[in-house]
Amino acid sequence: MKNVTMISRRSFLKAAMAASAVSALAFTGCGGSASSTVAASSTASSAAASAAAEGGQTFKIGIVNYVDHASLNQIVESVESRLDELGAEKGVTFDYADYYANAQADQSNLNQIGADLVGDGVDVIVAVATPTAATMLAAVEDTDIPVVYSAVTDPAAAGFDGEENITGTSDALNTEAIMKLITAVNPDIDTIGLLYDLSQDASTQAIADAKAFCDANGIKYIEKNGTTTAEALIAAGVKAVFTPTDNTVMTAELSIYETFTEAGVQHYTGADSFALNGAFVGYGVDYVQLGEATADMVAELLCEGKTTADLPYQTFDNGIVTINTETCEALGLDLDTVKEAFKPYCTEIVEVTTAENFS
């Protein structure tokens with residue numbers, strides 16, 4: 001995968017224009033419905049794009065990544081690869097290379113990137129992760145530029161469901177299933193650690209569901225927030241820790257997994273990318289498939305004359321368990337026994353080893 005540490009591959013707009021745009025795109029504009037005039041314009045624009053596609057049109061695709069980490073980078077690469085395939089199939093060009101940006105989890109960067117892409121007149125913005133989608137939706141207010149998000153865990157809670165000019169793909173986690181993986185390997189477990197970032201919307205519902213599972217099954221839980229609290233969970237004596245699709249924890253997984261593994265603590269997480277970065281188990285959505293589906297929606301909007309109203313957001317229930325075999329061995333667990341315990345709770349089991357970057 002290419003290095004995606006740059007904030008943008010283009011120069012920012014002139015300072016005066018940027019300041020004006022950012023001011024106009026304050027978060028107070030988030031969630032406001034587009035006017036009927038904008039909706040009509042969007043329909044006309046989509047129809048025109050469909051006709052133009054037959055003539056070898058080039059479409060400008062803004063892709064905005066929230067932060068540089070394995071899960072989100074995997075989505076970006078998948079979106080780009082699929083857009084290349086679709087472009088070849090349809091005889092059009094999807095130009096994303098000139099309109100890629102990585103905000104590095106900085107809200108001021110997100111605001112600037114949104115203004116920049118609107119100023120560049122992109123045809124669509126692909127927004128990776130919930131904070132990105134919220135900011136891009138504010139940025140395109142009063143324009144006919146659609147936003148297609150990816151890896152938004154709870155679109156309804158984020159206020160996107162039912163909004164005009166936005167749709168996408170969700171990586172909603174089946175929390176009960178992953179909690180059952182924990183109890184399958186540890187049937188007598190009495191305390192589970194919950195490690196997540198309070199500021200991550202993606203964690204809110206999953207953590208609530210994990211607590212409900214623990215309460216229903218007589219299991220105590222200990223909550224810790226942020227990436228420097230792994231030691232506190234170890235000190236509390238937990239045998240297993242659950243982390244949902246939390247961007248903050250994912251960014252630090254390469255260091256966290258070693259701390260847990262050395263202490264004999266099993267880390268169960270909400271995506272395969274965690275396991276690829278060292279966690280014992282990742283469970284949930286295939287992020288390659290998520291990115292491909294996101295790209296398919298972009299093509300439907302630009303090449304088939306569809307609007308966001310025609311494309312409700314998509315969810316996936318892959319039920320894929322990813323086991324890091326190196327971590328499994330380091331924890332003193334027998335891989336075959338673990339796989340047998342997991343079988344009733346998943347549709348597929350994948351074995352991986354630790355890698356810093358992957359595709």
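Predicted model: local features only at pLDDT ≥ 70, side-chain atom pairs only at ≥ 80, totals over all residues.
Figure 1. By way of background, a disulfide is a covalent bond that links the sulfur atoms of two cysteines. As a setting for the views that follow, the protein contains 15 helices and 13 strands, and buried residues account for 53% of its 359 residues. Among the contacts between residues at least 6 apart in sequence, 74% join residues that are at least 24 apart.

Figure 2. Helix H7 spans residues 175-185 and helix H8 spans residues 201-216, and their axes come within 9 Å of each other while crossing at roughly 50°. That angle makes H7 oblique to H8, and the crossing of the two helices is right-handed. On the H7 side the residues that meet H8 are Thr-175, Glu-176, Met-179, Lys-180 and Thr-183, and their partners in H8 are Ala-206, Asp-209, Ala-210, Phe-213 and Cys-214.

**Figure 3. The crossing of helices H3 and H13.** The axes of H3 (residues 70-90) and H13 (residues 287-303) come within 7 Å and cross at roughly 40°. This makes H3 oblique to H13, and H3 passes H13 in a right-handed crossing. From H3 the contact draws on Ser-71, Gln-74, Ile-75, Ser-78, Val-79, Arg-82, Leu-83, Leu-86 and Lys-90, while H13 contributes residues including Tyr-287, Val-288, Leu-290, Gly-291, Glu-292, Thr-294 and Ala-295. Asp-296, Val-298, Ala-299 and Cys-303 are also among the H13 residues that take part in this contact.

**Figure 4. Glu-77 of helix H3 and Glu-292.** Glu-77 lies in helix H3 and is partly exposed, with a relative accessible area of 24%. Although Glu-77 and Glu-292 are 215 residues apart along the chain, their C-alpha atoms are separated by 9.4 Å. Glu-292 is one of the H13 residues that make the contact with H3.

Figure 5. H4 passes H5 in a right-handed crossing, in which Gln-107, Leu-110, Asn-111, Gly-114 and Val-118 of H4 meet Pro-131, Thr-132, Thr-135, Met-136 and Ala-139 of H5. Gln-104 is found in the loop between strand S3 (100-102) and H4, where it is partly exposed with a relative accessible area of 29%. The phi of Gln-104 is near 50°, a positive value in a residue other than glycine. For comparison, most residues other than glycine have a negative phi.

Figure 6. The C-alpha atom of Ala-158 is separated by 7.9 Å from that of Asp-201, a residue 43 positions away along the chain. Asn-165 sits in the loop between H6 and strand S6 (166-168) and is buried, with a relative accessible area of 8%. Its phi is near 75°, which is again a positive value in a residue other than glycine.

**Figure 7. The buried side of helix H11 and the glycine just after the helix.** In helix H11 (residues 253-262), the buried residues are Glu-253, Ile-256, Tyr-257, Phe-260 and Thr-261. They cover an arc of only 130° around the axis, and so they lie on the same side of H11. Just after H11 comes Gly-264, which takes a positive phi of about 75°.

How values were computed. Residues numbered from 1 in each chain as written. Heavy atoms only, no water. Buried < 20%, exposed > 50% of the residue type's maximum accessible area, 1.4 Å probe, protein only. Helix = DSSP H or I, 4+ residues; strand = E, 2+ residues; numbered from the N terminus. Arc of directions from axis to C-beta. Axes fitted to C-alpha atoms, helices over the stretch in contact; angles between N-to-C directions. Parallel < 35°, antiparallel > 145°, perpendicular 65-115°, else oblique. Left-handed = near helix turned anticlockwise from the far one by under 90°. Contact = heavy atoms within 4.5 Å.
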